[in-house]
Amino acid sequence: MMVTTMSSQRRAMPARVRGALTHLRDRDTRDALRSALTAARANRRRPVAAAPFRCPCCSGDTFETIRVLWPELIEAWNVGPAEVDYINRGQGLTCATCGSRLRSMALAHAVMAKLNLGLPFSALSLRHPLLRILEVNRAGELTQFLRAFSGHVLAEYPAVDMMRLPYDDQSFDVVLHSDTLEHVPDPRRAMCECLRVTRPHGFVAFTTPIIHGRLTRSRLGLPDSFHGYEGAVEPDLRVETEFGADLWAEVLAAGAASCEFVSLEFPAGVAVVAEATSAR
Ligand SMILES: [Zn+2]
């Protein structure tokens with residue numbers, strides 16, 4: 001249920017393998033199979049890329065990049081060359097050390113900035129080991145670091161419906177999701193749920209693809225469009241909402257006390273932090 005960056009690898013997959021992946025509902029099995037397929041092509045080195053920062057997840061300083069958008073998605077999204085470039089960078093710039101993509105790095109950067117910590121995300125569990133963190137779908141590559149928290153809960157689709165979270169009010173200090181909100185039929189309700197399960201003055205931090213130069217539009221009534229990889233048809237990869245510059249209004253309408261856009265690299269690496277109010 002996220003925009004992944006597997007497209008260039010999967011484009012070359014045999015159809016029978018792609019079909020098998022489509023029907024595998026167990027996320028661990030899917031991930032293991034994806035990893036094995038990716039490793040089999042490991043001799044095809046990605047080009048080295050530059051970034052004006054160290055990886056906020058692990059402090060790595062070596063980056064690689066792949067292009068992830070494909071013509072059908074570009075047409076359905078109606079994005080221009082500049083937007084294609086920054087979406088490709090956000091989804092394709094990869095830390096060679098920990099494997100995090102730019103969107104995960106932006107999310108990690110936003111969390112550490114909100115906590116006022118000048119540390120890599122990998123050190124967060126040492127500083128705040130008791131943080132209760134809900135991860136709604138795998139937040140990019142951050143799961144590897146979140147597992148160090150005893151209070152980490154991973155809620156994965158379809159076992160958990162983001163619009164109906166099975167947790168008590170104020171159960172978590174931090175809620176994270178990455179490139180998930182655009183796939184939820186009612187994103188405001190999903191944000192309401194994330195805020196409901198967050199303690200007062202805790203926060204929800206997330207990424208979603210944002211086209212910064214236009215407003216949000218629903219894809220209701222438009223032809224199906226899917227993220228993930230070229231040829232995807234899984235319901236959880238279908239795009240329900242294309243977010244734009246007014247994303248802040250959606251977050252505040254859901255009941256957040258504040259909505260902050262935190263930029264690691266604008267416009268490709270931006271994350272959103274929504275603080276839960278104390279008034280609920
Ligand atoms: Zn890294």
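## Ala205 and its contacts

Ala205 contacts Leu107, Ala110, Val111, Lys114, Val174, Leu176, Ala271, Val272 and Val273, with neighbours within four places in sequence left aside. These contacts belong to a predicted model.

## The nonpolar core

Ala205 is also one of the residues that touch the most other members of the largest nonpolar core. That core has 61 residues. Cys57, Leu107, Leu142, Val175, Leu176 and Ala271 share this standing with Ala205. Helix 6, residues 102–114, gives the most to the core: eight residues.

## Ala139 in its loop

Ala139 sits in the loop between strand 4 (133–136) and helix 8 (143–146). It counts as buried because it has 27 C-beta neighbours inside 10 Å, and the cut-off is 20 or more.

Beyond residues up to four places away in sequence, Ala139 touches Ser104, Leu107, Leu176, His177 and Ser178. Leu107 and Leu176 are also on the contact list of Ala205. Thr207 lies 68 residues from Ala139 in sequence. Their C-alpha atoms are 8.7 Å apart in space.

## Confidence

The chain has a mean pLDDT of 87. Of its residues, 83% reach 70 or more.

Residues 1–25 have pLDDT below 50. The model still gives this stretch 49 contacts beyond near neighbours in sequence. Residues 39–44 stay under 50 as well. For residues 39–44, the model has one contact beyond four places in sequence. Where pLDDT is low, predicted coordinates should not be read in detail.

Key: Residues numbered from 1 in each chain as written. Predicted model: local features only at pLDDT ≥ 70, side-chain atom pairs only at ≥ 80, totals over all residues. Core = buried A, V, L, I, M, F, W, Y, C linked by C-beta atoms within 7 Å. Buried ≥ 20, exposed ≤ 12 C-beta atoms within 10 Å, placed from the backbone. Helix = DSSP H or I, 4+ residues; strand = E, 2+ residues; numbered from the N terminus. Contact = placed C-beta atoms within 7 Å. pLDDT = per-residue confidence, 0-100.
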